[in-house]
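Colleague: I am new to this structure and would like to learn how to read its features. Please show me the model and take me through some of them.

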Amino acid sequence: MDVKRISLLTSGHPPFDERIFWKFAKSLCAAGFKTSVFCSTQKINIVKDDILIKGFNSQNLSKNNKIVQFFTLIESFEPDIVICSEMLPVFAALRYKRLKPNLKVILDVTEWYPENVVFKFIGIKRWLKYIQLILPYIYIIQKVNHIIIGEHSKKRRYDLLASNKPKSIIGYYPVLEYFNYKPPDLSREEIVFGYAGVLTFERGIINLVRITNSIAHKYQNKKIKLLIFGKFTYQDEEKEFHQILRNYDSIKVEFVDWMDYDKMSQTIERMDICFDLRVRNFIYINSLPIKIFEYMACGKPFIYSDIKPVREEINIEDHGFLVNPENDAEVIEVIENYLNNPNLALRHSENSRKLIEEKKNWETESKKLIDLVNTLLS
């Protein structure tokens, strides 16, 4: 029997990205497909869990040279389906499609593009960059065979830009087998506030330190600890953050470096209440956070910035609180709701784990991916 081959390509993520490797690649491999991951973010050439992983460092390469490198990797593997996480690898896949016309090319959309690039610019440069990126993006959207979209809030754009293109929603939900349930115990002397994910000032990490310090002063009979699990994106922010911490000597802050997806649970389990107080800019107010589901998988009550995608996805009053991240008094009030009502925290914990077990998990979601691949191959 001819074993079908599938390649996952990324120009912006590490090879062991949780969606690309731990969800897509592992599910496809388990379903019997010969699977590979190709990236331009790291020089690598290994086989892990029967998945071929190859990559090159593209830091000093032109866009055209990156495309050539991706093309070479694709050509050597001879896939039947290519799943691309960004625009640039699509061009390499389309080039290979000229040699193999029955190749199916899928674009997997998880970010607001090109906004995630152009918002780094200001003034007229931002609009010029937007035009420069959106035109080729519209082109590749028309050329791919299928579009996978990570959440409903992003689908409207693609319905507008490519109304006739087939699309599937395949979500960000956690791989349930990797996340253990551990409800919070707010009766203990030490209470652990937690944050997991990318560390930037825009994601509210300074707000969280300030609020943690306020709670520590108010509840001196408790030891309030802040557990920060992740990695800083910008070195200048990391340096400034450690300087800011010197002003908050009444709280203990522990840093845990990022680790493989299948080991994340052991750190989240140590948290009692989980936070994300990100600013509400265009990208964040229109994006569904991934980490919220991993908090829920571990049974952690959460306090999140109030954004529409979360409200549309979850019946909030059963699982946690949404707040104005700029209003310290409001955030402190909902923290106290938990501290003064441990049964509320436990109820939210149990409801969250149940929701992940029954509905919002990758084990269920992956079936959509396998069905889509089988349909395209047939």
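**Reading a helix and its surroundings**

Modeller: Helix 13 (residues 328–340) has 13 residues and spans 18 Å from its first C-alpha to its last, close to the 18 Å expected at 1.5 Å a residue. Keep in mind that this is a predicted model.

Colleague: Which residue caps the N-terminal end of helix 13?

Modeller: Asn 327 does: one of its side-chain oxygens lies 3.2 Å from the backbone nitrogen of Ala 329.

Colleague: Which residues of helix 13 are buried?

Modeller: Buried means under 20% relative accessible area. In helix 13 the buried residues are Val 331, Ile 332, Val 334, Ile 335, Glu 336, Tyr 338 and Leu 339. Their cover includes strand 9 (190–199), helix 7 (205–218), strand 12 (273–276), strand 13 (302–305), strand 14 (320–323) and helix 14.

Colleague: Is Ser 349 buried or exposed?

Modeller: Ser 349, in helix 14 (residues 342–358), counts as buried because its relative accessibility is 0%.

Colleague: What is Ser 349 in contact with, leaving aside its neighbours within four places in sequence?

Modeller: Ser 349 is in contact with Tyr 181, Pro 183, Pro 184 and Gly 299. A polar atom of the Ser 349 side chain lies 2.6 Å from the backbone oxygen of Gly 299.

Colleague: Why does Ile 124 count as exposed?

Modeller: The cut-off for exposed is over 50% relative accessible area. Ile 124 is at 60%, so it counts as exposed.

Terms used:
Residues numbered from 1 in each chain as written. Predicted model: local features only at pLDDT ≥ 70, side-chain atom pairs only at ≥ 80, totals over all residues. Heavy atoms only, no water. Buried < 20%, exposed > 50% of the residue type's maximum accessible area, 1.4 Å probe, protein only. Helix = DSSP H or I, 4+ residues; strand = E, 2+ residues; numbered from the N terminus. Polar contact = N/O pair within 3.5 Å; in protein donor to acceptor, adjacent residues only side chain to side chain. Contact = heavy atoms within 4.5 Å. Expected span 1.5 Å × (residues − 1).
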